[in-house]
Structures are given as structure tokens and as C-alpha cells.
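Open the model in your viewer and keep the selection tool ready.

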Amino acid sequence: MKVVLCRDAHEAAALVADEILAALARKPDLVLGLCTGSTPVEVYERLRAARARGAASFARVRTFNLDEYLDLPADHPQSYRHFMRRHLFDGLDVRPEHVHFPPAEGDDLTRRCAAFEETIRAVGGIDLMLLGIGRNGHIGFNEPTSSLASRTRVKTLADRTLEDNARFYGPDEVMPRLAVTMGIGTILDARRVLLQAIGPKKAEAVRSMVEGPVSSVFPASALQLHADVTGYFDPDAASLLAERAYYAKTRVLELELQRAGRL
Ligand code: F6R
């Protein structure tokens, strides 16, 4: 896994947004995999700003969100469809029929999850997948012990995830205990993966993901099996990495090769 040690959260967001915009410039019909949560908010702000100043068009882009809570209606303030409209889609020219979420309402979920996977395949697969990471190592809602080959399906949320999400719910509100998420196999099929982690609460998770063993007990470690993943970490999130000096040196040398046009 490539590690980029960023000055701060803003640099991480700027690098990720720039990479998405560069990919979009190369391929106007880019297929994006998207996450929600606090981590990608600034990236989404930057994409909206690029659209507002006319520097990018998303008219041909297709998006596939990673996950959605089971049975939260689309207009519920905690639903991920609501989050994405508010933080990204309302400020872009993306076409509503190009926006996809895993099926999280109604019946026949197993078949509709398979149809969601089929839709991803039918558009040629995900070019760029944007991820955050949970403190327990989840990516999407692939909680610890998720199969490393899993596909889109219903998952039970882990207690740690429920604790982390409790801040978004009022005392009388019922928090969903189930979600529908792309699987780890679905994520690993993306051509390129960008993962951001910000803040001291993510330091243990970042260490296990980058330098720990590959194990379903820590789902994000599965990204070590992907050939093209870059992690963008602020100093707090990177603080427990043992090989920080090596990652910093690698970045400098790689940028030199890039500038020389050799990569
Ligand atoms: C949500 C998702 C989750 C989050 C993770 C981190 O779509 O994929 O795996 O990325 O829970 O959430 P934040 O960014 O709120 O710390």
C-alpha cells in the first residue's frame, strides 16, 4: 500500500480531490465508488467547488455508494442518500439516473444486491473507489470477520460502529442495526482505491491496516492485497506507523521520478 503522509487534513483532502479531478479529466465517464462519514466531506466540498468554477463536469460520471442503512428512508437526515445529496450531488451536474446506492429498503434484498453488483459490472467496473476507515477496521460496513471475498449484502453493525454513530442520533431516535454494504471483494475489484484517515482516533486502525497481518478480523488489511491503493493520512492518524521515515522517503523519490516523466 502506498502511504502519503500529509501535513494536515486539508492537504489530504486536496490531494484526494485533485486525484479524482485528474482522473475525471482523463476519463469523462469515470465510475466512482463513494463513501460517506466525516472524512470525505472536504473532498466533496472541493469537487463541488471545481464544478462551480467550471473546472469539471460530472455529467457522464456514474457513482456507486458503498453502503446504506437498512430501512432508513432516503429523506431521513441520517440516511446516506440524504448525506450524499447534501454534501455532493446537489452541487454537481451528475445525472440522477447515474447515481447508485445498494438496495436498503423493501424486499428481495439478496437478488437486488446481486443486481447492484451486476450494474457495476455492466458499466465496466469502478475506476476509483474513495474510502474512509472505521476504528475497528471496517471499510464500507464490512465489520470484523467479514469474508475477504464478500460481495454486496446485508451486514449487522458492530457495537463499536454503533457507538461511533450514536453522536448523530437524538436520545429518542432508533439507530439502525443493519446496513447493506458493498463487500470486500467488491471493493478489491475497483481499479484504484484512495483511502483517507484523519485524527488520533484512527491511528491504531491505520497501523493495523498498513503494517498488520492480512486478516478478516481487521477488514481494511485486505487492501494490502490490492495492487493500487494509496492511503492519505494526517500526522495524527499516521502517528503509530513504524515505517514513517520509509514512506516519506518513498514519496520524495517517487515525485522526483514523476517530475522527470519517468513514471
Ligand atoms: C461510510 C463508510 C464507513 C466510513 C467509516 C469512517 O460510507 O464507508 O466505512 O468510512 O465509518 O467514518 P468517518 O469518516 O465518519 O470517521
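Lys and Arg count as positive and Asp and Glu as negative, while His and the chain ends are not counted. The place of a charge is NZ of Lys, CZ of Arg, CG of Asp or CD of Glu. Select these in the protein chain: the mean positions of its 34 positive and 35 negative charges lie 5 Å apart.

A word on the model: it is predicted, so local features need pLDDT of at least 70 and side-chain atom pairs pLDDT 80 or more, while totals for chains, interfaces and linings use all residues. Residues are numbered from 1 along each chain as its sequence is written, and side-chain values use heavy atoms, without hydrogens or water.

Now show the cartoon. The protein chain has 8 helices and 10 strands (DSSP runs, H or I of at least four residues and E of at least two, numbered from the N terminus). Its C-alpha atoms fill a box of roughly 55 × 40 × 35 Å along the principal axes.

Next, colour by burial. Buried residues (under 20% relative accessible area, 1.4 Å probe, protein chains only) make up 51% of the 263 residues.

Go to the largest nonpolar core. A nonpolar core is a set of buried Ala, Val, Leu, Ile, Met, Phe, Trp, Tyr and Cys residues joined through side-chain atoms within 4.5 Å. Select Tyr44 and Phe233: of the 72 residues in this core, they touch the most other members. Helix α1 (residues 9-26) gives the most to this core, with 8 residues.

Which residues does Phe233 touch? Among them are Val3, Leu195, Met209 and Leu241 (contact means heavy atoms within 4.5 Å).

Last stop: a second, separate core of 5 residues, including Leu70 and Val180.

How values were computed
Buried < 20%, exposed > 50% of the residue type's maximum accessible area, 1.4 Å probe, protein only. Lists of a residue's contacts leave out its neighbours within four places in sequence.
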